[in-house]
Amino acid sequence: MVKHLSPLQDAAMTCSLNGTEMPHNPWLGLRRKDRFFESEEISALVQRALFYARAGVPIHFQGTAGRGKTAVALEIATRIGRSVRVITGNEWLDVEDLIGKQVGHTSNSVVDKYVQRVRRSEATIRYDWKNSILAEAMLQGHTLIYDEFTRASAQANGILLSVLEEGVLIATDPVSMGDHIQAHRDFRIILTSNPDDYSGVNKMPDALLDRMITFQMPLYSLETESGVVATRTGISANLSTRIVRLVNELTGPERVCSMRASIMIAQIAALRLRSSKLSDALLAQIATDVLMGRGIAVSAAQVAQSLSQMHKQETVT
């Protein structure tokens, strides 16, 4: 059992910027512009997908959770150079959320009493329409990221058929501004999805799959995973490699835990290192808590033993 773990002090909640102590904001650290790590294998994937996207071909990234689908999609969208819009699929999403809907109406009445005994009145009603995210992105030539799109119903996603094929969005509401929308020449769409056997995921229709290029997200090498973790959290390359190796060894060759586990451990470790040292005992406890929360049956003693063995191997080499 790991004992005498020193607590994380409140002082660890500050960081230094140009010599000035500032409150630490954990929500900003993982979203900085320079937090995208690019190894040779990631670069090859990004460059291929970017080439197809610039040619106007819809791009689709599919893979298990935590493989970096959304991060890669955002990076490609950024490199395209147009404004980026993001929507996430869900079971309550419907056609109106993609095309648009009526948001009210305006009425106007005119009463004419020019002749005393004659009363003439006119009434006009104008229905107010608001385009939704897909229609707006197509009109403005934005890049749309449709994240986890298979979590939406097949009925809602059915309107994508003409969008992916001809760049045309068919309006189904008679109140809309027209019967269809023709995509701006700069409009691009990037989709992501989890495997069909995930909970809450609908099977992707073959007709949609046939209209896009699908990239299966790979299991990255140790070097790439370590680079991603180090870049996202700011820890050293050596510590990042130790954490990634530890998680991979404890979860087996199939890596039932995603990179998010390593990133979370590293994020907590980075917080500790802002004000104090990070002992192997504390690192083992952090890793245990993170992994047990993901259904990995390990104890702090087992994790500490794995860290000790890794340390011996590093010393020998």
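A crossing of two helices is called right-handed if the near helix is turned clockwise from the far one by less than a right angle, and left-handed if it is turned anticlockwise. The exercises below apply this and related terms to a predicted model.

**Exercise 1. State how many helices and strands the protein chain has, and what share of its residues is buried.**

Solution. The protein chain has 13 helices and 11 strands. Of its 317 residues, 40% are buried. Among contacts with a separation of 6 or more, 72% join residues 24 or more positions apart.

**Exercise 2. Determine whether the end-to-end distance of helix α9 agrees with its number of residues.**

Solution. Step 1: helix α9 covers residues 222–233, which is 12 residues. Step 2: the expected span is 1.5 Å times one less than the number of residues, so α9 should span 16 Å. Step 3: the end C-alpha atoms of α9 are 17 Å apart, in agreement with that expectation. After the helix comes Gly234, with a positive phi near 85 degrees.

**Exercise 3. Decide whether α9 is mostly covered or mostly open, and identify what covers its buried residues.**

Solution. Step 1: a residue is buried when its relative accessible area is under 20%. Step 2: in α9, 9 of the 12 residues are buried, and the helix is mostly covered. Step 3: the buried residues are Thr224, Glu225, Ser226, Gly227, Val228, Val229, Ala230, Thr231 and Thr233. Step 4: their cover includes α2, α10 (237–251) and α11 (259–273).

**Exercise 4. Classify the packing of α9 against α10, and name the residues in contact.**

Solution. Step 1: the axes of α9 and α10 lie 8 Å apart, at an angle of about 120 degrees. Step 2: this angle makes α9 oblique to α10. Step 3: the crossing of the two helices is right-handed. Step 4: α9 contributes Leu222, Glu225, Ser226, Val229 and Ala230 to the contact, while α10 contributes Ser240, Thr241, Val244, Arg245 and Asn248. Step 5: the contact of α9 with α10 comprises 4 nonpolar, 4 polar and 2 charged residues.

**Exercise 5. Carry out the corresponding analysis for α2 and α3.**

Solution. Step 1: helix α2 (residues 40–54) and helix α3 (residues 69–80) pack at about 50 degrees, and their axes are 10 Å apart. Step 2: α2 and α3 are therefore oblique to each other. Step 3: their crossing is right-handed. Step 4: from α2, Val46, Gln47, Ala49, Leu50, Ala53 and Arg54 meet Val72, Ile76, Arg79 and Ile80 of α3. Step 5: the residues of this contact of α2 with α3 are 7 nonpolar, 1 polar and 2 charged.

Terms used:
Residues numbered from 1 in each chain as written. Predicted model: local features only at pLDDT ≥ 70, side-chain atom pairs only at ≥ 80, totals over all residues. Heavy atoms only, no water. Axes fitted to C-alpha atoms, helices over the stretch in contact; angles between N-to-C directions. Helix = DSSP H or I, 4+ residues; strand = E, 2+ residues; numbered from the N terminus. Parallel < 35°, antiparallel > 145°, perpendicular 65-115°, else oblique. Contact = heavy atoms within 4.5 Å. Nonpolar A, V, L, I, M, F, W, Y, C, P; charged D, E, K, R; others polar. Buried < 20%, exposed > 50% of the residue type's maximum accessible area, 1.4 Å probe, protein only.
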